[in-house]
Amino acid sequence: MEAVIEVIDLVKEYTIAKKGRGLRGSLKSLLFPQKTKVNGVDGISFSIAPGEIVGYIGPNGAGKSTTIKMLTGILHPTSGSIKVCGISPQADRKAVVGKLGVVFGQRTQLYWDLRLGESFELLRRIYQVDKATYEENMAVLGDVLKLNDFIDTPVRQLSLGQRMRGDLAAAMLHSPSVLFLDEPTIGLDADAKHAIRDFIKEMNRKMGLTVILTTHDLDDVEQLCSRLVVVNHGKVVEDGPIDSIIGKLTPHRLLVVELERPCDDLSHPAATIIKQEGLKVWYQFEKVRVTAAELISDLSQKLPIQDLSVKEPDIEDAIRAVYKGY
Amino acid sequence: MLQAYWYITKMKLLTNLAYRFEVFASVGTNLILMLASVFLWQTAYKGGVGTVQSFSLQDLTTYTILSIMLGAMFVCDVQDTIYYKIREGQIVTDFYRPIPLLACYLADDIGGMLSAMANRVVPLILLASIFFGIPWPSSALSLLLFFPSCLLSYAILWLLSALVGLVAFWVMELGNMGMVKDSIVRVLSGSIVPLWFFPESVQTISKFLPFQYTYQTPLGIYIGNVGTKEALGAMAIQALWVGLLFLLLMAGWKRTKKKTLIQGG
């Protein structure tokens, strides 16, 4: 199947004016600005197939937002090419924007002073959605997001969770083929987060919606995304299914052993003790060198074990490894 | 598309009609301004002079009342809208929509103007009629010419405001620029004191500026200070300014958009 989004060698160069220190410095930089060029995005390539939910993650300042802005056509790349649904957003921004839905967790596109439904009516006219399609979409959206409870409330009186649901509906009204979500669950309580994740999954399943999600909430990633694109310093550092990224980046597992009484010789040739706290000992071992079963049987022969547990590395460890390592 | 603009206008209209206190405050300030100006003219004419530069006291009273009503009606919020949207980063969400931004802002201001007509101009004209009598136009023809001239005035004012708004894209911090522009407009448009009372040199210079064509032209037509032929000529100049400012705005907007898209604002 043809890709919905195709990004090849994307580069975005920023010019940053260096500010001098103190009065003399600022005078100097006012008269002779020193400019340095920084690559915010430095050669990113990826392609996304229809119906994928992709987590686009990276530390702050890694170039995530810049990429999203270029994909939606509100920034022009310095070089490289972008195709969204086969169209370049730089050549025909309006055509591309009509196929996109965009939601920012920290911003709203709803009208502050008016009731929620009013914003939807306006968007219907802006995107020129005909009445029948609109009613149909509203029925589905209203049902999944439970909009009917607050559709007549002015937006400024909505809770953050309600506002977020309103924003999601606003982004989906014109049945876009791609949805960009920028930290959609930021600041929400567990219940609201859950509702929003459910909604994304539902839309993906029902309509084959392609979703690109940037977030720092790794629960979002774990529950929603089948694939991750990890960026750092403007480059793609990992791209693949979540499991394989975790396996590749964090080959270690942990065995936590609780002893009955203190012992002297705790060591094991295939594992390293990384922490010890009273009677509790943490062993770190590599899957390829020794299996958990072997390690447990070895240790139980020489140590009086009361309790034990094996910890799989999770997405958080993997992501931390990425942010630190590159 | 047109539907969308109309909906924006309608939403603005409804929002403004909902804010009652603001209406009272605005009618109050405008009324005070009106009373003060008219009393000033009355004092100036007390010396027994019948006319000054061929204006009767009644002419100037009418001029003042209408000037204040136009001021209350001509809503040009674009410059502030753009400025706040940029400051709060909200401009980005507007860019995501497949609809021209400036046209949306115009639709918004037209909504503001319509609501101002209902809740500011009507009470002001009633109050003014009670205090000073109904400010009649000098003739039916002058009333007829007054309306299209007002439309052109509004176009000039709006375009000026939008141009100032564009500056916000470049400097991020608009500061007092908007206020400076507003003050220049207020004085040089003849909205407080008609330019006919200004020194010859100022009058000559202001002929080549857009400002006097915003208030003085329609008001002069209304009180019958200019003949039909002159009135049509003045309206042609108004139209010329509208065209010129429109081209300027389009060129500026194109460059601004390009710069924003390339540098990320």
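A crossing of two helices is right-handed if the near helix is turned clockwise from the far one by less than a right angle, and left-handed if anticlockwise. The model used in these exercises is predicted.

**Exercise 1. Helix pair in chain B**

Task: Describe how α4(B) packs on α7(B), from angle to residues.

Solution: 
- Step 1. Two packed helices are described by the angle between their axes and the distance between the axes.
- Step 2. Locate the helices. α4 covers residues 78-87 of chain B, and α7 covers residues 140-171 of chain B. They pack at about 20 degrees, and their axes are 7 Å apart.
- Step 3. Classify the angle. Angles under 35 degrees count as roughly parallel. Therefore α4(B) is roughly parallel to α7(B).
- Step 4. Assign the hand. The α4(B)/α7(B) crossing is right-handed.
- Step 5. List the contacts. α4(B) brings Val78(B), Gln79(B), Ile82(B), Tyr83(B) and Ile86(B). On α7(B) they meet residues including Trp158(B), Val164(B), Gly165(B) and Phe169(B).
- Step 6. Sort the contact residues. There are 9 nonpolar, 3 polar and no charged residues.

**Exercise 2. Six-stranded sheet in chain A**

Task: Give the strand order of the sheet of 6 strands, then find its edges.

Solution: 
- Step 1. Read the order: β5-β6-β7-β3-β8-β9 in chain A. The sheet is open, and its pairing is mixed.
- Step 2. Find the edges. β5 (100-104) and β9 (235-241) of chain A each pair on one side only.
- Step 3. Neighbouring strands are turned by 15 degrees against each other on average, direction ignored.
- Step 4. Examine one pair. β8 (residues 227-232) of chain A runs antiparallel to β9(A), with 6 bridges between them. Leu228(A) faces Gly240(A) across the pair. Val230(A) stands opposite Glu238(A).
- Step 5. Inspect the turn. The β8(A)-β9(A) hairpin has 2 residues between the strands. His233(A) takes a positive phi near 50 degrees there.
- Step 6. α6 (residues 160-172) of chain A lies across β5 and β6 (178-182) of chain A. α6 runs at about 165 degrees to β5(A). Angles over 145 degrees count as roughly antiparallel.

**Exercise 3. Four-stranded sheet in chain A**

Solution: 
- Step 1. This open sheet has 4 strands with antiparallel pairing.
- Step 2. Its edges are β11 (271-277) and β13 (305-311) of chain A.
- Step 3. β10 (residues 252-259) of chain A and β13(A) run antiparallel, joined by 6 bridges. Leu254(A) has Lys311(A) as its bridge partner in β13(A).

Note on methods
Residues numbered from 1 in each chain as written. Chains lettered and ligands numbered in written order. Predicted model: local features only at pLDDT ≥ 70, side-chain atom pairs only at ≥ 80, totals over all residues. Pairing = 2+ DSSP bridges. Axes fitted to C-alpha atoms, helices over the stretch in contact; angles between N-to-C directions. Contact = placed C-beta atoms within 7 Å. Parallel < 35°, antiparallel > 145°, perpendicular 65-115°, else oblique. Nonpolar A, V, L, I, M, F, W, Y, C, P; charged D, E, K, R; others polar.
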